[in-house]
Amino acid sequence: MSIHNPDIKRVTTHTIQELKNRGEKITALTAYDYSMAQVVDAAGVEMILVGDSASNVMAGHETTLPITLDQMIYHASSVVRAVKRALVIVDLPFGSYQGNSEEALRSAIRIMKESGAHAVKLEGGQEIKESIVRILSAGVPVMGHLGLTPQSIYKFGTYAVRAKEDAEAAKLMEDALMLQEVGCFGVVLEKIPAALTRQVSQALSIPTIGIGGGPDADGQILVLHDLLGITKEFKPRFLRRYADLNTVMTEAIAHYVDDVKAKDFPNEKEAY
Ligand code: KIV
């Protein structure tokens, strides 16, 4: 296994655009802490998202809604300290940008200033256009997020595939074109039909990053703990697990417990 494009010393939004321009798929994963971010970065992923999925994965909440801006900044600064190569993007959490564009700008600036991240991501289209424009005008790169936007779960009522109907698909396409027009450097497309992902990806010159959107997005993103098989209950069709770390970790810890109980750990060589 080797790092793709080892000549890229630091991934920027321009690098991401170049990858789309030359038809090379873009890779992205979430990370929320220093140690995991080091691993993800060293493995050659181009973008690391400090997702508000930290609310689920790190804090055990049912939804992404409870996580706060301060908590996102804590996770983001841990990730930024670890990362040498990848572009680090941070989710603006629920309640930190929906009020008005001034609140959105203040939240984005706090994230950039206090964590050292490189970009922010916001969920939504036309309804948050003003906020996106304001953040962009401060020189902060913005990634959009359309389709299944988990901060709106109580509006949707379900985590089912979005934009299956023509009207919602047409709005998603309009929103994606708007995000490009105002200057977003990319758009996440979550859990929408593969055919719609293909249409949007062809219509946009900026990269699309899919999760549950089929193979034709310009790049793919997954939640790290799902890919590694640390989370066990979450089994959507779009998820490919690349390891079963839950079993590996449980066995390792049970082995440690056995060794301590059996007075086998620590042994003489492991003592001073
Ligand atoms: O919070 C998150 O992890 C995300 C990805 C699923 C795209 O937004």
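A polar contact here is a pair of N or O atoms within 3.5 Å; within protein, one must be able to donate a hydrogen and the other to accept it, and residues adjacent in sequence count only if both atoms are side-chain atoms. This is a predicted model, in which local features need pLDDT of at least 70 and side-chain atom pairs count only at pLDDT 80 or more, while totals for chains, interfaces and linings use all residues. Residues are numbered from 1 along each chain as its sequence is written, and side-chain values use heavy atoms, with hydrogens and water left out.

View A. An oxygen atom of the ligand is 3.1 Å from an N or O atom in the side chain of Asp91. For Asp52, a side-chain N or O atom is 3.0 Å from a ligand oxygen atom. Lys121 places a polar side-chain atom 2.9 Å from an oxygen atom of the ligand. On its own the ligand has 260 Å² of accessible area, and the protein covers 95% of this (Shrake-Rupley method, 1.4 Å probe; for residues, only the protein chains shown count as cover).

**View B. Residues around the ligand.** Have a look for Thr30, Leu49, His145 and Val223, which are among the residues around the ligand (a heavy atom within 4 Å of it).

**View C. Thr149 in its loop.** Thr149 sits in the loop between β5 (142-147) and α7 (153-156) (DSSP runs, numbered from the N terminus: helices are H or I, at least four residues; strands are E, at least two). Leaving aside neighbours within four places in sequence, Thr149 is in contact with Glu123, Gly124 and Phe156 (heavy atoms within 4.5 Å).
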